[in-house]
Amino acid sequence: MLKAICLTPLLVICLIVSAQKNEKDSLLSILNKSAEDTNKVNQYRKIGASILYQNALEALGYFKQGFILAKKLQFNPGLERCYSAASLAYSINASYDSSLLYNDTAIYYAHKVGNINRLALDYLNRADIYSNLQNYSATIKNCDTALKYAELSGSKDGQARIYSIMVAVYTDQKLYTLALTTLEKVQALFEEVQNKQMVGMTYTDQAYVYVLLNDPDKAIPLYKKAIHIADSLKDYENLSGYTGGLAEAYISKNRFAEAETSARSALKYAEQAGNRRQQGVVYEIFYLINKQQNNFAKAIEYDLHAYTIFKEEKDLLREQGVTANLSEAYFKTGNTLEAYNFLKISNELNDSLLRKQFNDETAKLQTTFEVKQKDKEIELLNKNKELQQQKLLKQRLLMFGAAALALLALTGAWLLMNRNKLRQQMKELELRNQIAADLHDEVGSSLSSIHMLSQMATKQTGSDKKQQDILTRMSTNAKETMDKMGDIVWMIKSNEKETSGLRQRMERFAYEICSSKNIELLMQLDELGEEKFSMEQRKNIYLIAKEAINNAAKYSGTDKIDIITTLTDKNLILSIKDYGKGFEIANAEKGNGLDNMRNRAKELKGSLTIVSEAGKGTNVELSIRT
């Protein structure tokens, strides 16, 4: 078939380039006059983008200069865009390992900046890399993540392009029904944003699936709709492909006159677009039309045109296919000499293709691994392919078994819901008992201290300063008691509308303690997904954060504290970093709450990492599964 599923990742849109040399020269002229600022970072990226599809390696050099300057300027948006562009350059050059590494770095900076549009884009590019590596499960997983961010940003066009990647995966896996269902979503989204060109492409994607299903009767009207749209847009490049696809559909129905008419239109559009390679593809369609009618002399005439074009274009794959066709056609006409000559050429081209494929794979491995690691990687790739095949087989078996298990699942669901409800009530009762103990231990001891201090104040005579000191301590204890009471009340009622959420509670405490000590505070808090956590989990997260912030403010001597949270599909990461004097963790005093924080992290079934170095501060990082 001529046409593959049409994929147009978002990154292609973000890096629209021009092949004209004067554009690059103009951008270089601006770059040479630019100061070492963020504008120059953007200029490096634009120059690379202007030559990306003509010389990916040269473009990569400009992208790297861009992120080197962005690092120096601590310009995170520029870092994200330059790393993302470098990832695409590596992908164009088929260096998918490097492409994945740079893309992951771009995702890190997109999270740091908090730009959901860029996150949608970078996760989509990640999906496209895995698609090229034929890791379909990772492709779908990253598409799902990209889709969430695209939905948050309200980008309908972006959502449609993500679904298009998923369609390609479903088609490669021969999940045609799922591919057609997803294409309906793609078409609806592109129609909503009035992207006519993509609506036309979606029609041809649907037609292609029907061709694979051997149902050309459904494919033909879809090709016609796409042709109508492309004609209204004067989109000659796609018109050639659409009319060529229609011709192939007619061939499968033995409607040769209509196939020839469509093929002639396809050739005309390819000539108007100046696309020599597409002209060669259309000549192959003429070959098929005549071969199907046993008109081998005419078929040979057309395929010789195709052979000339593909040879000029150095398209070895198509050239090999054409020579194989010519060998067969000459044999059918009785010209065994020419049949032998083209068979020989075809075999030589096939050998060249195999050598090229082998050399490309070898070069790819050599740039990433040492000799021993390279051998292991080849073995792992083979095992991964086997595992993917096993997974696909299991998925099909699960689909057939799902119907039989559905009734059993519904019966068990009611029992599980009631059991979970009872378990949750027991947990909440245990938490309330714990909170009652906290009230007794924490608040009770503070009130006792205030009572003793008040008696000392009434008995103290002759020294206003001593009385003032006692009253100050009483005020401090009373304030701490109010804070503890507030924390306990929040823990009990943290899911009610009238109280603040976990994020607001953390912000309030951090701002209060830092402002009182003139400490600069940087807070970058994602939405914490509080609905995913129980009352007890929210309590432990808050108390770990409170203890870490309190330790940093009181003991580290820092002038700055960073508090950052990152919420991914499976993990919540909370990082609290100070730039103070640091401490030896092994020699830390027992009263600083480290053991309490570790115990609370264990209750959360998470991990707590504390890294401290003398003179360089301390970083406390909590990671829990959501």
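How many helices and strands does the chain have? In this predicted model, the chain is built with 23 helices and five strands. Of its 626 residues, 44% count as buried, and the accessible surface of the chain comes to about 34,600 Å², with 52% of that area belonging to carbon and sulfur atoms. Among contacts between residues at least 6 apart in sequence, 60% join residues that are at least 24 apart.

In soluble globular proteins, nonpolar side chains tend to be buried together. The largest nonpolar core of this structure has 79 residues, and those with the most contacts inside it are Ile162, Phe286 and Ile289. A second, separate core comprises 35 residues, including Tyr542, Ile561, Ile563 and Leu622. When residues up to four places away in sequence are not counted, isoleucine 289 touches Ile251, Phe256, Ala259, Glu260 and Ala263.

The structure also holds 12 aromatic pairs. One of these is the tilted pair of phenylalanine 67 and tyrosine 102, with 6.1 Å centre to centre and 45° between the planes; this pair links distant parts of the chain, since phenylalanine 67 belongs to helix H4 (residues 56–73) and tyrosine 102 to helix H6 (residues 96–113). Phenylalanine 67 is buried because its relative accessible area is 8%, under the 20% cut-off, and tyrosine 102 likewise counts as buried at 15%. Phenylalanine 286 and tyrosine 302, by contrast, form a stacked pair, with 4.6 Å centre to centre and 15° between the planes, and this pair joins helix H15 (residues 276–292) to helix H16 (residues 296–312). Phenylalanine 286 counts as buried at 1% relative accessibility, as does tyrosine 302 at 10%.

Key:
Residues numbered from 1 in each chain as written. Predicted model: local features only at pLDDT ≥ 70, side-chain atom pairs only at ≥ 80, totals over all residues. Heavy atoms only, no water. Core = buried A, V, L, I, M, F, W, Y, C linked by side-chain atoms within 4.5 Å. Buried < 20%, exposed > 50% of the residue type's maximum accessible area, 1.4 Å probe, protein only. Contact = heavy atoms within 4.5 Å. Helix = DSSP H or I, 4+ residues; strand = E, 2+ residues; numbered from the N terminus. Areas by Shrake-Rupley, 256 points an atom, 1.4 Å probe, with all protein chains shown as cover. Phe/Tyr/Trp six-rings, centres within 6.5 Å; stacked < 30°, edge-to-face > 60°.
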